[in-house]
Amino acid sequence: MRPLDLGGLGIHNLEVMGWALQMRWLWFEKTNPNRPWAGLEIPVHPNTTALFAISVVTTVGNGENTLFWTDRWLLGTRLEDLAPSVFQAVPARVRKARTVAEALVDHSWVSDIRGALSLRGLVEYLELWDALTDFQLNNSVDQHHWKFESSGTFSSQSAYRAFFIGSIQFEPWKRLWKSWAPNKCKIFVWLAIRNRCWTADRLQKRGLPYPARCPLCDQEDETAQHILTSCVFARHFWLGILQPMDLSSLVPTRQAKSFAEWWRKSWRKVPKQNRKGFNSLVILGAWTLWKRRHLERRALREAGFTEQRIPPASNGGRITGRCAPGPLGPRRPL
Ligand SMILES: [Zn+2]
């Protein structure tokens, strides 16, 4: 439920979308205070309020539409961050109502502070006093900027994206999802790159039966990366596809460890006008290799070859090529 470029399938996360849509109310309330519902208590999720608080930066003009204690207006940040001890001494209802215009008149913000300040609070208070002494209001209207867009204008879509800030990028997303390959093949490659295919390494971890060796070459351990790139069968397969197109130099080597890495490097060496076709070919090729792996595995099973299962056998390794007991059952000791 993430955007495509962050490794998801592009399906909207409805909960996050709800938070993003709620943020529209906060934005309109801030930028258009003349709306009839402005000033009412709008029920929004705490995540919405938190993201909104860090996402809107205000350029103060006359200070009438900027909250002194909670908006991000002084030095690009909030007073809560500049002077947390002082902020704690201000009652919540005052924080929600005091505008910059009101607070700067005769330093009336000082009267918002209730109770004694700690030593740390006194230091913050003096620093705040210095910062506010030179601050001048003017006649223009306060400007609020949504910081995730260069235009500074809020949109629910931008807010939705902002909830995913910090997520890991899925580098091949454009090559994968913009190709001409069928969706089922794209989804397979999406899983393979994220190492989510049920190959021996993952089956073994979960205690499920797994092939002792790669069913294609019977030489190495089976992983998704091996099946798609470094397997001798796969390399021969890619040579057969790429050679007729004069791209045999792109065939993966035995040392190739990652299908995604091989694809990324190879794609760059293909002429620009052929890249989309190349990407589609890589996806279809990977799908074909995966299907072939299934066929080989099934054939081995039908021939009576069992698969390994955790806990490992007494030899501490894998039981390669052990035949299942025949119709007469296992041989008994004499
Ligand atoms: Zn292999």
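This report describes a predicted protein model, from its overall layout down to single residues.

## Basis of the model

Residues are numbered from 1 along each chain as its sequence is written. Because the model is predicted, local features need pLDDT of at least 70 and side-chain atom pairs count only at pLDDT 80 or more, while totals for chains, interfaces and linings use all residues.

## Overall layout

The protein has 15 helices and two strands. Both kinds of element are DSSP runs, numbered from the N terminus: helices are H or I runs of at least four residues, strands are E runs of at least two. The protein is divided into domain 1 (4–162) and domain 2 (173–302). These bounds come from an automatic or database domain assignment. The C-alpha centres of the two domains lie 50 Å apart.

The C-alpha trace spans about 100 × 60 × 40 Å along its principal axes. The radius of gyration is 31 Å, whereas a compact globule of 334 residues would have one near 20 Å. That radius is taken over C-alpha atoms, and the globule rule is 2.2 Å times the number of residues to the power 0.38.

Of the 334 residues, 28% count as buried. A residue is buried if 20 or more other C-beta atoms lie within 10 Å of its own, exposed if 12 or fewer, and partly exposed in between; the C-beta atoms are placed from the backbone. Two residues are in contact if their C-beta atoms, placed in that way, lie within 7 Å. Among contacts with a separation of 6 or more, 62% join residues 24 or more positions apart.

## The nonpolar cores

A nonpolar core is a set of buried Ala, Val, Leu, Ile, Met, Phe, Trp, Tyr and Cys residues joined through C-beta atoms within 7 Å. The largest one holds 30 residues. Val189, Ala192, Ile227, Leu228, Phe259, Ile283 and Ala286 touch the most other members. At least two residues each come from helix H10 (183–193), helix H12 (224–230), helix H13 (232–242), helix H14 (259–268) and helix H15 (275–302). H15 gives the largest share, seven residues.

Leaving aside neighbours within four places in sequence, Phe259 is in contact with Ala192, Ile193, Gln225, Leu228, Thr229 and Ala286.

H15 has 28 residues, so at 1.5 Å a residue it should span 40 Å; its end C-alpha atoms are 41 Å apart, which agrees. The expected span is 1.5 Å times one less than the number of residues. The buried residues of H15 include Phe278, Leu281, Ile283, Trp287 and Arg293. Their cover includes helix H9 (173–177), H10, H12, H13 and H14. Just after H15, Gly304 takes a positive phi of about 100 degrees.

In H10, the buried residues are Cys185, Lys186, Phe188, Val189, Trp190, Ala192 and Ile193. H9, H12, H14 and H15 are among the elements that cover them.

## The strand pair

Strand E1 (residues 56–59) and E2 run antiparallel, joined by four bridges. Two strands pair if DSSP finds at least two bridges between them. Thr59 has Gln143 of E2 as its bridge partner. Side chains alternate along E2 (residues 143–146).

## Loop residues

Most residues other than glycine have a negative phi. His107 has a positive phi of about 55 degrees. His107 sits in the loop between helix H6 (100–103) and helix H7 (119–133). It counts as exposed because it has 11 C-beta neighbours inside 10 Å. Asn195 also has a positive phi of about 55 degrees. Its loop runs between H10 and helix H11 (200–205). With 15 C-beta neighbours inside 10 Å, Asn195 counts as partly exposed.

Asn138 is in the loop between H7 and E2. It has 9 C-beta neighbours inside 10 Å and so counts as exposed. Beyond neighbours within four places in sequence, Asn138 is in contact with Gly61 and Asn62. The C-alpha atoms of Asn138 and His294 are separated by 73 Å, and the two are 156 residues apart along the chain.
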